[in-house]
Amino acid sequence: MVAPVIQSAFEKKRSHIGELYQQVRARTLEIVAPLEIEDYVIQTAEFMSPPRWHIGHTSWFFETVLQKFRPGYQIYREDFLFFFNSYYEGFGPRIERPKRGTRSRPTVAETKRYRAHIDEQMMRLIEAASSRDDAGEIFSIVRLGLEHEMQHQELLVYDIKHLLCDQFDAPMKPAPRSLEDVSGMVEIEGGLFELGYDAGTDAGESRHVGTGMRALQGALPFAWDNEKPAHKVYLEDFAIDRPPVSVGDYVEVINDGGYENFRWWHSAGWEKVNTEHWQAPLYWEQRDGEWMIRDFAGLHRAGDRAYEPVAHVSFLEASAYAKWTGKRLPTEAEWEKAATLTRALDSKQGFPWGDDEPDLAKANLFENGLWNVAPIGSFPAGQTVQGCQQLIGDVWEWTTSDYVPYPGFKSEFDEYNDKWFIGQKVLRGGSYATPQIHIRSTYRNFFYPHERWMIAGFRCAK
Ligand SMILES: [Fe+2]
């Protein structure tokens, strides 16, 4: 039994968690709704997963919660544990990632029934949780499971793009227009900087966050273990680009023979250029000597997209571009400082524009419904005090920082973030496929330096 005061706090949390659970789970199904049944099971590359797998895997994740917290819970189907586990050694054997698209069973209908079953069981667990001694633990793991699901929503966008691209009937809203020219760099003074998520700001409930899902974010603050603890780092003075690198900028390095000259590339990059025959970012193709970009809306002349952030570049390509321009990529601490400086330039705020959560006017995130990058200068309301734009949303931005634990790191969930602390690079800021409530300025995404099917771009520093 728990004391009545604590129970009423848990009651409030229970209703918030239950509401968030339903909204997040429903959105996953909204994303896949335009797919035809055949689309769900095809794997177009080793690095992507078929949509059917994401639908099942995100439910499998919650089934592990049910196994732990519902005494007597009966496994839905043993073979699903094998098929829908991703990479967790602790949860037993699993199908290899490149083979996720080699089976037609479980069918899509079976997978959706599994999903509905897990939802029903999870809602019962959440409903009954507030009177339990372990209510806090249950709410934390459900909250984490919902962030996990949002990561898979974003992966679904990458994977559906790889699978279908412009054949997918994405519910796209019209693109915004650029409202101002954004160019040049801002100078930022160095010194001690507090890098990472300060758990002390979790007080939460009174944050100004608007309505709907964003209000729930205020009531249920969350950060990954890899963003913590906040700690001091020393930065030299630096300058960082106001806009992300654009398609027009990037075409220049291609036209200058950038992909043919080893001097701009890391050794690993030059090897990729030669073995994979890279000549341009992923989804670029040449027609009659002209570069074209394919996206969810169709095939467009790169020249017509010159003022949009370049996307689908690897770290290796971003680094080569930076070297070609005589600049470099920022470190993650530089990026975070640029994104969080307050007006007085002496302390840190939650986002480039202040402490309010992202909204449609401030950043191009999933809710904007563009299914694409927005022209540079479309979101002046989201700029930093010094005029950096589109740090949040549009494209994840490569940094030169290795994905390693912060000093004092404590794992909050085995095999989630901790086992990936080797060989990957940190990206910051979220993309047009990132849900609003999922992103923070302290969020550390990570991918291998050669990967480019995710929505990644960059800006330079010096
Ligand atoms: Fe996962």
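**A guided walk through the model**

The residues that line the largest cavity divide into 9 nonpolar, 3 polar and 5 charged, where Ala, Val, Leu, Ile, Met, Phe, Trp, Tyr, Cys and Pro count as nonpolar, Asp, Glu, Lys and Arg as charged, and the others, Gly among them, as polar. This is a predicted model, in which local features need pLDDT of at least 70 and side-chain atom pairs count only at pLDDT 80 or more, while totals for chains, interfaces and linings use all residues. Residues are numbered from 1 along each chain as its sequence is written, and side-chain values use heavy atoms, with hydrogens and water left out.

A search of the whole structure finds 3 cavities of 30 Å³ or more, and the largest cavity has a volume of about 150 Å³. On a 1 Å grid over the protein atoms alone, a cavity is a set of points where a 1.4 Å probe fits but cannot get out, whereas a pocket is an open set with protein on both sides within 12 Å along at least five of seven lines; lining residues have an atom within 4 Å of a point. Grid points are joined across faces, edges and corners, and a volume is the space filled by probe spheres set on the points. Of the 17 residues that line the largest cavity, the closest to its centre are Ile-293, Pro-309, Ala-311, Asn-372 and Val-373. The largest share of this lining, 3 residues, comes from strand β6 (residues 290–295); helices (H or I, at least four residues) and strands (E, at least two) are DSSP runs, numbered from the N terminus.

The largest pocket has a volume of about 1100 Å³. Of the 42 residues that line this pocket, the closest to its centre are Arg-97, Leu-155, Phe-447, Glu-451 and Trp-453. The elements that give two or more residues to the lining are α2 (51–69), α5 and β10, and the largest share, 7 residues, comes from α5. By class, the lining of the largest pocket has 19 nonpolar, 12 polar and 11 charged residues.

Which residues are the protein donors of the iron ion? They are His-57, His-148 and His-152, each through its NE2 atom, lying 2.2 Å from the ion; donors are N, O and S atoms within 2.8 Å of the metal (3.2 Å for Na, K and Ca), and water is not among the atoms, so sites may look incomplete. Along the chain the donors follow the spacing H-x90-H-x3-H. Because His-148 and His-152 are 4 residues apart in helix α5 (residues 135–163), they are separated by about one helical turn. His-148 counts as buried at 3% relative accessibility, and His-152 is buried too, with a relative accessible area of 8%; buried means under 20% relative accessible area, exposed over 50%, and partly exposed in between (1.4 Å probe, protein chains only).

Strand β9 (residues 425–428) runs antiparallel to β10, joined by 3 bridges, and Val-426 stands opposite Phe-446 in β10. Strands β8 and β9 pair in the antiparallel sense over 3 bridges, with Lys-425 in β9 as the bridge partner of Asp-402. By contrast, β8 and β11 pair in the parallel sense over 2 bridges, and the partner of Trp-396 in β11 is Ala-456. Strand β8 (residues 396–402) is mostly covered, with 5 of its 7 residues buried.

Some details of the backbone remain. The peptide bond from Arg-105 to Pro-106 is cis, with omega near -5°, and Pro-106 lies in the loop between α3 (78–84) and α4 (108–129). Another cis peptide bond joins Lys-228 and Pro-229, with omega about -5°. Gln-390 has a positive phi of about 55° although it is not a glycine, and this residue is buried, with a relative accessible area of 3%.

Notes. Pairing = 2+ DSSP bridges.
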